[in-house]
Amino acid sequence: MATVLLVEDDQMVRDALVRALRGQGHVVHPVGTALDALRQTAEHEPDLVILDLGLPDLDGAAALRMLRGHSDVPVIVATARGDEPSIVRLLNDGADDYVVKPFSSAQLAARMNALLRRSSRSSVGSSDPGELNVGELTISLTTRQAALAGRPLELSRREFDLLAYLAEHVGRVVSRRELVEAVWHEHPFVGHDQTIDVHMSWLRRKLGESASRPRYLRTVRGVGLKLVEPD
Ligand code: CA
C-alpha cells in the first residue's frame, strides 16, 4: 500500500481521513500546515499527497506550486470550490486530481487508487507494473496470476476478474450491481446477487477463509463487498 501525506488543518476532517486511509492499509503522515507539508514531502518522499487548499499559513495553490518546485509526487487537492476556472487553475498549478468538499472517503479512495495505479505503471524499475498487492495477496494483471503468501491460486477467469476488480478498489465497498457490470459486463439481471455470492464463496474457499471467518473478503450487509488487508 501507499505512504500518504495528508495535509489538512481541520482536526475532525483530518482524524476521519486518517482512520479511513489507515483502514485501507495506507501509511499516513498527517500534517496541518503547508510548511509542514513541504518539509515532510522532502523527508518522507510519500507516494501520494492529499492537499487541503484552505490552510492557515499559506494559500494552498501557492503551496502546490512550491511543492511542484521540488517534487513530482502525485497530488490530490481537496477544494471547497468546484467551479471550472478554479479546477482548471489547480490542474495547471500541478494537481493530478481533485475532490470537492465535502467528499466521501470512498470517492477519495477511488481517486487515490486510480492515481497510484497510473504512477506505479509509469515508475521506472517496477518489475511488474500491473501487479496489485494487498497483504500477502499478489495479483498480476499482466499474467493474470494470483498468489497468496507466494502460493499460486488456481482461479477461474471470473474468480480472477472478481478478485482483481476488488483489489483495484481495495478498501472500498463495491456493490453487487457494480460487480455485475464490471466483471460480467452485463446489466444487472434478476438473480445477479446469488451469482456473485456463489463466486465469492468459491473465491473465499480458495483464499482459505469463510463468510463467518473472513480475512480478505468482507461482506457489508445491504451494501456490497470489499477486499481489505487483514488485521
Ligand atoms: Ca482547511
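Analyst: In this predicted model, the largest nonpolar core has 28 residues, and those with the most contacts inside it are Leu137, Ile139, Leu163, Leu179, Leu207 and Leu227. A nonpolar core here is a set of buried Ala, Val, Leu, Ile, Met, Phe, Trp, Tyr and Cys residues joined through side-chain atoms within 4.5 Å, where buried means under 20% relative accessible area, exposed over 50% and partly exposed in between, with a 1.4 Å probe and protein chains only. Two or more residues of this core come from each of β6 (131–134), β7 (137–140), β8 (145–148), α6 (157–168), α7 (176–183), α8 (192–206) and β11 (224–227); helices (H or I, at least four residues) and strands (E, at least two) are DSSP runs numbered from the N terminus. Helix α6 gives the largest share, seven residues. Leaving aside residues up to four places away in sequence, Leu179 touches Leu162, Tyr165, Leu166, Val174, Trp184, Ile196 and Leu225, contact meaning heavy atoms within 4.5 Å. A second, separate core has 18 residues, among them Ala37, Ala63, Val73 and Val77.

The model follows two conventions of counting. Residues are numbered from 1 along each chain as its sequence is written, and side-chain values use heavy atoms, without hydrogens or water. Local features need pLDDT of at least 70 and side-chain atom pairs pLDDT 80 or more, while totals for chains, interfaces and linings use all residues.

Turning to the helix, α1 (residues 11–23) has 13 residues and reaches 18 Å from its first C-alpha to its last, close to the 18 Å expected at 1.5 Å a residue, that is, 1.5 Å times one less than its number of residues. Its buried residues are Arg14, Leu17, Val18 and Leu21. Because they fall within an arc of 105 degrees when seen down the axis of α1, these residues line one face of the helix; the arc is that of the directions from the helix axis to the C-beta atoms. On the other side of α1, Met12, Arg19 and Gly23 are exposed. After α1 comes Gly25, whose phi is positive, near 90 degrees.

Strand β4 (residues 75–79) runs parallel to β5 and is joined to it by four bridges, strands being paired if DSSP finds at least two bridges between them.
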